[in-house]
Number of protein chains: 2
Amino acid sequence: MKKIIFSVGFLLFTSIVFSQKVDHVKQIEAIYNFSLTKGKAYDWLDHLSNQIGGRLSGSLNAERAVSWGKQELKDLGLDRVYLENIMVPKWVRGTFEYASIITGPGRSTNVPICSLGGSISTPTSGLRAQVVEVKNFEELELLGKENINGKFIFYNRAMPAGLINTFEAYSKTVNQRSQGAEKAARLGAVGVIVRSMNLRLDDYPHTGNMSYGNLPNKMRIPAAAISTNGAQLLSSMLSLNNDLFFYLKQDCRNFPDVPSNNVIGEIKGIEFPNEIIVVGGHLDSWDLGDGAHDDGAGIVQSMEVLRILKKTNYKPKRTIRVVLYMNEENGLRGGTKYAKNSKNRKENHIFALESDAGGFTPRGFVFEATKKQFEKIKSWKSYLEPYMIDRLELGGSGADIGPLRNGKTVLSGLRPDSQRYFDYHHAANDTFDAINKRELELGAAAMTSLIYLVDQFGF
Amino acid sequence: MKKIIFSVGFLLFTSIVFSQKVDHVKQIEAIYNFSLTKGKAYDWLDHLSNQIGGRLSGSLNAERAVSWGKQELKDLGLDRVYLENIMVPKWVRGTFEYASIITGPGRSTNVPICSLGGSISTPTSGLRAQVVEVKNFEELELLGKENINGKFIFYNRAMPAGLINTFEAYSKTVNQRSQGAEKAARLGAVGVIVRSMNLRLDDYPHTGNMSYGNLPNKMRIPAAAISTNGAQLLSSMLSLNNDLFFYLKQDCRNFPDVPSNNVIGEIKGIEFPNEIIVVGGHLDSWDLGDGAHDDGAGIVQSMEVLRILKKTNYKPKRTIRVVLYMNEENGLRGGTKYAKNSKNRKENHIFALESDAGGFTPRGFVFEATKKQFEKIKSWKSYLEPYMIDRLELGGSGADIGPLRNGKTVLSGLRPDSQRYFDYHHAANDTFDAINKRELELGAAAMTSLIYLVDQFGF
């Protein structure tokens, strides 16, 4: 008898567990099916890329993107859509930028360059000087002032191709772009040329942010990126003729800060409305391309999360909020302000997800979480495995949500396949045609599925 | 004392296990590093795609590919390089193929089509008939002879977008291409138009093999694929005007079989030379594009496996053989003959790997193996995990190695990300520019790593 009671209890127990499991499985199946057959992410991105275009903070296009985002979120019929005022830096590329390698009178070769974001201009007549090639700051310091004074520093450290995660390769080379000008200026250089952060050999220079740190204005020097092919050429020409000259002309400028906005929309939770789950990407982009991968993809995927939940008539337990952050690329003002305002309002964020690694096939997520929180996340693995998004790791999540870090809120980043990302990152070819519709939609579905699980299970 | 002895023994044991593990880890690291920094797969594929091009069985290009493959393998300094004679079908697309939708006198719209491989031509003046649209063979049978006689059958079943594995979506739709003509002809149709197996809406018709089964010659009807955009257009025009006419003109032809070859190269094993590990792809391709993904990628990756092992001075325990199979696309004569000859020679294949799913980022492998064999394979997972190729599943491996199936030999297929594959498959855009260098090289490294583990551990 005892045995029979045990069996019935066991059956009841497994049946409940099983039926719950089936519900989640079905819900995630519905999410994927909706995203892949009735998705709007691709059409949205077409508009953002081709009708609006590159949208650097402080530009007219960035403001057009804010208006567009607000209207699209309103059209979804969310419970609340609003803007959050911020001040953003304004840097303008100007009307020309070009460079050449000069090996003698009348003998020069143009090379593809672009100004780095935040750089000052050259003198109106351009800047002509000899070139010293270095791989890193150690080599720079060893050379010292006597070898650097009056010359260009050419940082030519390639992204290491042997690393599987291309973001890791990026992190090992990006300091030549971000701090290269400051360090070279302190040793008397007149300008810096930085090899583009690109694993391919091609003709696209890749821009990106740079900083002069606390370098006095009068010591600041112009900084530009050179395409990988251009870097290879310059390096090989230097190996033949160490005395050649480099000519750089650019008229980029920094202006005073201007007002802009984060765009925010939310669906109110029916059970725990004060527990907030936030998803987002950044609305600004660099100015050379459309910013389709960086981070138009993250923007439309984040909007799509709320659209899918809404259109599949899902009633979230918790409040689900989308934030289109402004100014990730050159200031992080949006993410910083959002976290500050949110803290002032004493809001309780239980989870923040960012998509800012390109619109490629998703392979999983990365988390900033306590051991206990991560154990819970890993218990959802079987829901994610059929969709090949079950690679769950601890690590840095996303720049915009970083300011929400408080040791309690779980932070997460979508991790798409990273192989092609730096082919496009910050370059003129980061355009809509580099996006594959299904890959973009799979990312949106992956994010929606994770948000769904967080909403169901909480932390 | 006893305790101390135990501890020493334990230390010794873990140290051996650890040092072995480290060796394999380092070897695989070296394989990846070599492939990503000194790889030749991309250059080889450039030649195969752009200097040779599409290489349908029986064509001059297919023979040029055989010569090229043999010479490149010889240049690697393998222990043995040879050709294996086979006879292959010869089908020729001819000089023209076009089609239009005719809604009235002087009112016609051209639509992109291509003849299906193996199809007969239309009459010289083309073929003009009304159209009946169906989604599947059930609908076809229900319509019956009275509704089909004298008309085109238009098979318009789209690949289901909701499936994550696009090969699964392909398998659910490809029978309309392979058997559609035979079934429609038996019900009196004069020709068939088949929606291309493509998940995107675009203007590329996708060819592929079709068969008339045992249909008598005089009953055979021409078959063509229409682009997905063309299919959408035809379907919507039919919904407005059921009496419209379709016009098809093509002059493809079947010829008697011609001689061709598999290309084979091997490195002799130093410990178990009679245990053969074979890796390969198919050298033939369809004729519309370059066959860069299908299966140029698999060819150069397979060649690269032996090149990497050779160049990293690895001495395999077992014999490692590469086979460039001829005629996968429309006959499978190469794979069939290789297995037959191999059986006659009483060769012992312990493992066969095929790469024929595109040159995209690899995500794992699929295996045809016994439970015990698969357990062994899964025990290698930790070696594969750092390279994100640890998705190991049971399932169908590859067409060319299928004839080696005997219940003992483990068969395996590389499984790259499948999302973009059918954007290019069998279409004019399957060209070298659709290949990403790193993704291709990661596939070669993944294959080499698996072959290395099989060589080390055996079955």
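**From single residues to the pair of chains**

Me: Which residues is B:Glu304 in contact with, once its neighbours within four places in sequence are left aside?

Reply: B:Glu304 is then in contact with B:Ser35, B:Gly39, B:Lys40, B:Ala41 and B:Ala444, where contact requires that the C-beta atoms of two residues, placed from the backbone, lie within 7 Å. This is a predicted model, in which local features need pLDDT of at least 70 and side-chain atom pairs count only at pLDDT 80 or more, while totals for chains, interfaces and linings use all residues. Residues are numbered from 1 along each chain as its sequence is written, and chains are lettered from A and ligands numbered from 1 in the order in which they are written.

Me: What makes B:Glu304 count as buried or exposed?

Reply: A residue is buried if 20 or more other C-beta atoms lie within 10 Å of its own, exposed if 12 or fewer, and partly exposed in between, with C-beta atoms placed from the backbone. B:Glu304 has 30 other C-beta atoms within 10 Å, so it is buried. B:Glu304 has its place in helix α9 of chain B, where a helix is a DSSP run of H or I with at least four residues, a strand is a run of E with at least two, and both are numbered from the N terminus.

Me: How do you know whether helix α9 of chain B spans what a straight helix would reach?

Reply: The expected span is 1.5 Å times one less than the number of residues. Helix α9(B), residues 292–311, has 20 residues, for which a straight helix would reach 28 Å, but its end C-alpha atoms are only 25 Å apart.

Me: Why is α9(B) called largely enclosed?

Reply: Of the 20 residues of α9(B), 18 are buried, so the helix is largely enclosed by the rest of the structure. Helix α9(B) lies across β10, β11, β12 and β13 of chain B, and runs at about 150° to β11(B); such angles run from 0 to 180 degrees between N-to-C directions, with axes as lines fitted to C-alpha atoms, for helices over the stretch in contact.

Me: What makes A:Asn313 and B:His426 fall into the classes buried or exposed?

Reply: A:Asn313 has 7 other C-beta atoms within 10 Å, so it is exposed, and it lies in the loop between α9 and β12 of chain A. B:His426 has 29 such atoms, so it is buried, and it lies in the loop between α13 and α14 of chain B. Neither residue is a glycine, yet phi is positive, near 60° for A:Asn313 and near 65° for B:His426.

Me: Why are β1 and β15 of chain B said to stand at the edges of their sheet?

Reply: The sheet is open, with eight strands in the order β1-β10-β12-β11-β13-β16-β14-β15 and mixed pairing. Strands β1(B) and β15(B) each have a single partner strand, so one side of each is left without a neighbour in the sheet. From one strand to the next, the twist averages 20°.

Me: How do you know that β14 and β15 of chain B pair?

Reply: Two strands pair if DSSP finds at least two bridges between them. Between β14(B) and β15(B) there are four bridges in the parallel sense, and B:Val366 stands opposite B:Glu393 in β15(B).

Me: How do you know how the two chains are related?

Reply: Chain B can be laid on chain A with an RMSD of 0.0 Å by a turn of 180° and a shift of 0.0 Å along the axis, and the two copies are thus related as by a two-fold rotation axis. The superposition is by least squares on the C-alpha atoms of residues with pLDDT of at least 70 in both copies. The same surface serves both copies, since 100% of the contact residues of chain B recur in chain A.

Me: What makes up the contact between the chains?

Reply: The contact takes 22 residues from chain B and 22 residues from chain A. On the side of chain B that touches chain A, the elements giving two or more residues are α1 and α14 of chain B.
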